[in-house]
2 protein chains.
Amino acid sequence: MKRRVFFISDRTGITAETLGASLLTQFPDIDFQRHHIPFVTNELAARAALATIARKTEQDDEPPLVFSTLTDPAVQRIVAASSPFVFDLFGTFIEPLEAALGCASSHTAGRMHGMGDSSAYERRVSALNYTLGHDDGLAPRDLDEADLVLVGVSRCGKTPTCLYLAMHYSLRAANYPLTDDDFESNSLPRSLRPCRDKLYGLTIVPEQLSRIRRERRPHGDYSTLARCRAEVQQAEALFRSENIPFLDTTTVSIEEIAATIVRDMGLH
Amino acid sequence: MKRRVFFISDRTGITAETLGASLLTQFPDIDFQRHHIPFVTNELAARAALATIARKTEQDDEPPLVFSTLTDPAVQRIVAASSPFVFDLFGTFIEPLEAALGCASSHTAGRMHGMGDSSAYERRVSALNYTLGHDDGLAPRDLDEADLVLVGVSRCGKTPTCLYLAMHYSLRAANYPLTDDDFESNSLPRSLRPCRDKLYGLTIVPEQLSRIRRERRPHGDYSTLARCRAEVQQAEALFRSENIPFLDTTTVSIEEIAATIVRDMGLH
């Protein structure tokens, strides 16, 4: 079964899409065809959105679902005519919130993903720059300023997780790849010792690691299952002996890995 | 005026936080103190969350606001007792959605930020790796595989935007910094000519650029206002003469820059 869905917002559409998509996962048997109409900031844009929806659904048997996050009630009223099934993700909660807080809402266009205060913006970009400069064991002498340091074998998910932590939590997330040299010494790498409390381990099922590495370097020892097994085993042994908290990333999304680390390390 | 707010979810809390924070921006005069309780997956965890909320609000004059995205109705029922002001961001829409779709929801824990299908995960990580390998004009000979190439002067926001595009839209986003050499030739840099249709320009107000550069390199010509003005002017002249669409990033968040580019280039 197919069903057309529109996400309409007055800014980026991130909020509409995040909650809307989350709700749609509850209906796994339906094949949703998604359309995005961002930056619907005034009545003119709302009427254009209405026309787009009418055109795209002309041939459809069923009316579409429409998820909206519009802060201007006049714009929302126009969009409300687009389908019998319009979900006003924003307005639905504004009145109850006004009641709870005992004051009127400002009805200003979604400021959530606006610049916000510029210091927050700078913190974020600075975290991203730090993270890029401390990827893959770069500058290991310089970890004093890190908020956390992810450790694990090559290709277990450290880099994407660090970038997500920097982008969304403005954390200075360094990472350090464990290699044979580290395993031979059978103790915490020297450069990590001063930041022991900032360490968090990532691990992965060897079969998955082998598959990921094979895509990158199909030949040689690096991607063999035997080598991956040995590395993962040694990394986990190190985490245990050094009391480093760690997480298996095999079936976990980047969002969830990041949220788990932030919770475990009390970094929010 | 202060008010305590809790975001409760059964997974990462991203959905609860995105919509909840968006709603709170409508009440700019209130100083919200935010707490996050993710991974509330069962009734035991829900009772623990209840206890946490009770403990943290003991000294408060007003009951807290609670935003929840819980898919299990039994868990939600427990959390509903935490305050007179519980906003069930998820459940509120489930029944109307079931009516619209004519079928029951699966009530499975938020799969939105789960792994999803592994091909989507691989596309995302592959986009991130591509983007990291094509930052700042790296490998300019190799732009065939790029979905888009951001161009602009140094420090105008290319790198954070590329990382966001890769992380959230799984786009292979390369970037190319415009320098004096490019301006002297007064035409599109040679390595960009084969990918003319994938180019998107970023620009920035010279005063802001100068401030950003000064933080990075306080001395020398690089951060002077005169130099920044000249570079920005030449970059914008190039965008115009080459018909490259471009955006001023000065007061725009990374999310909005990314959403605008995706819309303008039809990449969603």
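## Two chains about one axis

Chain A can be laid on chain B with an RMSD of 0.1 Å by a turn of 180° and a shift of 0.0 Å along the axis. Copies are superposed by least squares on the C-alpha atoms of residues with pLDDT of at least 70 in both. The two copies are thus related as by a two-fold rotation axis. The same surface serves both: 98% of the contact residues of chain A recur in chain B.

This is a predicted model, in which local features need pLDDT of at least 70, side-chain atom pairs count only at pLDDT 80 or more, and totals for chains, interfaces and linings use all residues. Residues are numbered from 1 along each chain as its sequence is written, while chains are lettered from A and ligands numbered from 1 in the order in which they are written.

**The interface**

In all, 57 residues of chain A are in contact with 56 residues of chain B (C-beta atoms, placed from the backbone, within 7 Å). Several elements of chain A each supply at least two residues to the side that touches chain B, among them α1 (14–24), α5 (118–133) and α10 (254–264). Helices (H or I, at least four residues) and strands (E, at least two) are DSSP runs, numbered from the N terminus.

**Helix α4 of chain B**

Helix α4 (residues 91–101) of chain B has the buried residues B:G91, B:F93, B:L97, B:A100 and B:L101. A buried residue has 20 or more other C-beta atoms within 10 Å of its own, an exposed one 12 or fewer, and a partly exposed one lies in between; C-beta atoms are placed from the backbone.

The buried residues pack against β1 (2–9), α1, β3 and β4 of chain A, and against α3 (73–79) and β4 (85–88) of chain B. The face turned away from the buried side of α4(B) carries the exposed residues B:E95 and B:A99. Just after α4(B), B:G102 takes a positive phi of about 65°.

**Chain A as a whole**

| Property of chain A | Value |
|---|---|
| Secondary structure | 10 helices and eight strands |
| Span of the C-alpha trace along its principal axes | about 70 × 45 × 30 Å |
| Buried residues | 44% of 268 residues |

The radius of gyration of chain A is 24 Å, whereas a compact globule of 268 residues would have one near 18 Å. The radius is taken over C-alpha atoms, and the globule rule is 2.2 Å times the number of residues to the power 0.38.

Definitions and conventions:
Two residues are in contact if their C-beta atoms, placed from the backbone, lie within 7 Å.
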